[in-house]
Amino acid sequence: MELQVVGYQGPELTHNSHFKFGYNNKLEAFRTNPEQNWWVKYGRCRRRPLDFRDECMETARTIRAKVTGDIWILFSGGVDSETVLRSFLEAGISVKIAVARYKDQINLHDISWAVLTCNELGVPFQFFDLDLLKFWSGEALSYAEISQCFSPQLLVTMWLSDQIIGYPVLGSGECLFKKEQTIHVDSTGKSQNQNQNHKNWFLIEKERIASWYRFFLLEKERPVRDFFSTHPKLC
């Protein structure tokens, strides 16, 4: 079925806009009713992939080439954003680092690792303080409404990106590939012999990632976002 482009205007969010998502076989940015079926598609690799480390550095170079201002890494202290940070540094690209620090030390463990990592790498960072409980009961609702986001963690990254002047880059992690067995059923409704069954790989991408893209589509002056979706090679 041919895909129809509906409500897709704004900046290039991935390299050559290879990443696409929508509902009911249409390229749509927003869900309009709960019965719609979510789908996502990543572009094909145009060359033989390098190893993971080299692809990460190549992705960092791609992002640097697409923007003219400061690049900010939204560093949570987790392994994904640490990988993003190290990729830029190993590619010889300078970045700024934004760390959300929650009131009452709610994320003390995470930011402690972020600080340790930044000190180890010799790179400066900046804290942005947030009263998380107050945020979730107030300002977060406006972010959730404009992005159709139902994940409280993602709402914080939207807030953090609004605190900086430059180009925020985040690391959502790699998408999941799952191997599932496909059972062939004959005309009588019985499954065929076990040796005729086979397993296929399926890409599993949760719908919540779309809320990031919906949010960033509203900000046409800042075109680069999720590190691991930038190139098909990292997906």
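What share of the contacts in the protein chain with a separation of 6 or more comes from residues 24 or more positions apart? The figure is 65%, where contact means heavy atoms within 4.5 Å.

Hi everyone, a quick word on the model first. It is a predicted one, where local features need pLDDT of at least 70 and side-chain atom pairs count only at pLDDT 80 or more, while totals for chains, interfaces and linings use all residues. Residues are numbered from 1 along each chain as its sequence is written, and side-chain values use heavy atoms, with hydrogens and water left out.

Now the overview. The protein chain has 7 helices and 10 strands; these are DSSP runs numbered from the N terminus, helices being H or I with at least four residues and strands E with at least two. Of its 235 residues, 43% count as buried, meaning under 20% relative accessible area, with exposed being over 50% and partly exposed in between (1.4 Å probe, protein chains only).

On to the sheet. Four strands make an open, parallel sheet in the order β7-β6-β5-β8; two strands pair if DSSP finds at least two bridges between them. At the edges sit β7 (126-130) and β8 (167-169), each pairing on one side only. Neighbouring strands here are turned by 35 degrees against each other on average, direction ignored. For angles, axes are lines fitted to C-alpha atoms, for helices over the stretch in contact, and values run from 0 to 180 degrees between N-to-C directions.

Let's look at one pairing. Strand β6 (residues 96-102) is joined to β7 by 5 bridges, and Y102 has L130 in β7 as its bridge partner. Packing on this sheet is helix α2 (residues 79-90), which touches β5 (71-74), β6 and β8, and its direction makes about 150 degrees with that of β5.

How many of its 9 residues are buried? The count is 9 of 9, W212 and R214 among them. Their cover includes β2 (20-23), β4 (38-41), α5 (139-147) and α6 (152-162).

Is L218 buried or exposed? L218 counts as exposed because its relative accessibility is 52%. Together with F30 and I146, L218 forms a nonpolar surface patch with about 250 Å² of accessible area. Those areas come from the Shrake-Rupley method with a 1.4 Å probe, and for residues only the protein chains shown count as cover.

That's my tour, thanks!

Notes. Patch = residues over 30% accessible without salt bridge, like charges linked within 9 Å, V, L, I, M, F, W, Y side chains within 5 Å. Salt bridge = Lys/Arg side-chain N within 4 Å of Asp/Glu carboxyl O.
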